[in-house]
Amino acid sequence: MGSKRCGRVSIIGRGNVGKSTLFNSLLGEKFSIVTKWGGATRQPMTGILNIDWGEVVLVDTPTYIYPRNKLEKIMLSFIKKSLLSSHLALFVVDATFPPSPLELEICSLLRKSKIPSFLLINKMDMVKDFVLEQRMEEYINAFRKTFFYEVMPISAQLGDNLPLLLKRIKAYLPEKEPIFRNPPRPPEELLLKETIREEVTNYYHDKRPQSMEIIIKEFRRPEKKGKTYILAFLYIEDERLFPKIMGYKGKLLNEAKHLARLRCERFLKEPVYLDLILREKKRWRNDLEALKEFGYVKKGIV
Ligand SMILES: Nc1nc2c(ncn2[C@@H]2O[C@H](COP(=O)(O)OP(=O)(O)OP(=O)(O)O)[C@@H](O)[C@H]2O)c(=O)[nH]1
Ligand SMILES: [Mg+2]
């Protein structure tokens with residue numbers, strides 16, 4: 001008794017560096033969406049990892065970005081709130097890019113938060129060994145004002161160095177008995193919405209996916225035999241883009257719908273009938289009412 005370690009660990013970093021990939025890899029389950037475009041994760045996703053030595057409450061935080069609209073301001077507030085209650089921060093950077101001014105800002109936030117932080121240089125599988133060494137030097141030099149307890153190259157995708165990372169995490173968590181015997185999972189409907197959003201926005205990755213949103217309007221399981229029915233709206237900000245999203249005779253939207261339905265079926269492990277309807281919500285990322293409707297504004301936030 002008393003020898004277990006438990007605590008909350010937040011994953012933080014700019015867009016597209018691999019935070020969600022790391023989160024999913026550590027948990028061994030796919031909770032967070034992974035996309036080809038930056039700005040994918042918009043609200044924190046929490047997952048609980050039970051290991052022989054204790055329990056890690058992992059939080060995948062939204063993309064850290066200079067906020068340009070209300071949604072991005074909310075995303076930033078989610079990150080700050082998550083840091084406040086964490087025992088450790090994992091700051092993820094991308095080995096294929098040099099340090100950026102935005103990342104210096106993240107360092108300054110970490111310094112102010114005073115929580116122990118690790119610097120994780122991700123996508124080590126993408127660069128040659130000598131380039132990785134140079135990159136690590138570059139990051140350490142650029143971030144020298146910030147003290148990192150560990151600096152580690154990793155590959156979130158291939159799992160390289162992740163067992164070592166977990167071992168190091170243990171040392172920074174307080175001694176405590178685990179709380180969850182059966183760790184709760186994120187709500188099924190949220191995971192489903194995110195699954196559709198991942199498939200659809202990856203499909204439309206060249207058509208301003210940042211301005212797209214998926215909302216599940218209906219989710220009905222069959223009473224006896226038959227398919228589960230899902231009605232989802234794909235919101236975009238400008239109806240002038242409808243023809244580009246629909247494609248000739250609706251071909252593109254049908255294809256996106258087909259791919260999303262297959263993903264829903266894999267996720268729910270049951271046959272699904274998916275209706276995907278295109279809708280306009282003008283400037284929703286700056287519209288408080290729309291942000292409430294889409295679930296980004298909760299009581300006490302903003
Ligand atoms: N080669 C390689 N690719 C990776 C690795 N980790 C992530 N990626 C890829 O990088 C892209 C972005 O990954 P995400 O996990 O969505 O990145 P993120 O930091 O969560 O991005 P946002 O949510 O937009 O802030 C995806 O195409 C991933 O497949 C890695 O270790 N190696
Ligand atoms: Mg993400």
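Helices (H or I, at least four residues) and strands (E, at least two) are taken here as DSSP runs, numbered from the N terminus. This is a predicted model, in which local features need pLDDT of at least 70 and side-chain atom pairs count only at pLDDT 80 or more, while totals for chains, interfaces and linings use all residues. Residues are numbered from 1 along each chain as its sequence is written, and chains are lettered from A and ligands numbered from 1 in the order in which they are written.

**Ligand 1**

Select ligand 1 and the residues around it. A residue is near a molecule if its C-beta atom, placed from the backbone, lies within 6 Å of it. The shell holds 23 residues, and Gly18, Ser20, Thr41, Thr63 and Gln157 come nearest. Now colour helix α1 (residues 19-27): three residues of the shell belong to this helix, the largest share. Colouring by class gives five nonpolar, 14 polar and four charged residues around ligand 1. In this scheme Ala, Val, Leu, Ile, Met, Phe, Trp, Tyr, Cys and Pro count as nonpolar, Asp, Glu, Lys and Arg as charged, and the others, Gly among them, as polar.

**The whole chain**

Zoom out to the protein chain, which has nine helices and nine strands. Its C-alpha atoms fill a box of roughly 55 × 45 × 40 Å along the principal axes. The radius of gyration, taken over C-alpha atoms, is compared with a globule rule of 2.2 Å times the number of residues to the power 0.38. For 302 residues a compact globule would come near 19 Å, and the chain has 20 Å, which agrees.

Two residues are in contact if their C-beta atoms, placed from the backbone, lie within 7 Å. Of the contacts with a separation of 6 or more, 69% join residues 24 or more positions apart.

**The two domains**

Colour domain 1 (5-171) and domain 2 (188-293) separately; these bounds come from an automatic or database domain assignment. Their centres, taken over C-alpha atoms, are separated by 28 Å. Where the domains meet, 11 residues of domain 1 are in contact with 13 residues of domain 2. The domain 1 side of this contact has six nonpolar, three polar and two charged residues.

**The core**

A residue is buried if 20 or more other C-beta atoms lie within 10 Å of its own, exposed if 12 or fewer, and partly exposed in between, with C-beta atoms placed from the backbone. Buried residues make up 36% of the 302 residues. A nonpolar core is a set of buried Ala, Val, Leu, Ile, Met, Phe, Trp, Tyr and Cys residues joined through C-beta atoms within 7 Å.

Select the largest such core: it has 63 residues, and Leu58, Leu90 and Phe91 have the most contacts inside it. Domain 1 and domain 2 both give residues to this core, so it lies between them. Centre on leucine 58 next. Beyond its neighbours within four places in sequence, its contacts are Val9, Ile11, Phe23, Leu26, Leu27, Thr46, Gly47 and Leu49.

**Two lysines with positive phi**

Go to lysine 123, in the loop between β5 (117-122) and α4 (129-142). Its phi is near 65°, a positive value in a residue other than glycine. Lysine 123 counts as buried, with 24 C-beta neighbours inside 10 Å.

Lysine 249 is in the loop between α7 (242-246) and α8 (251-268). Phi of lysine 249 is near 55°, again positive in a residue other than glycine. Lysine 249 is exposed, with 8 other C-beta atoms within 10 Å.

**Last stop**

Finish at proline 163, in helix α5 (residues 162-171). Proline 163 counts as exposed, with 8 C-beta neighbours inside 10 Å. Draw a distance from its C-alpha atom to that of arginine 279, 116 residues apart along the chain: the separation is 44 Å.
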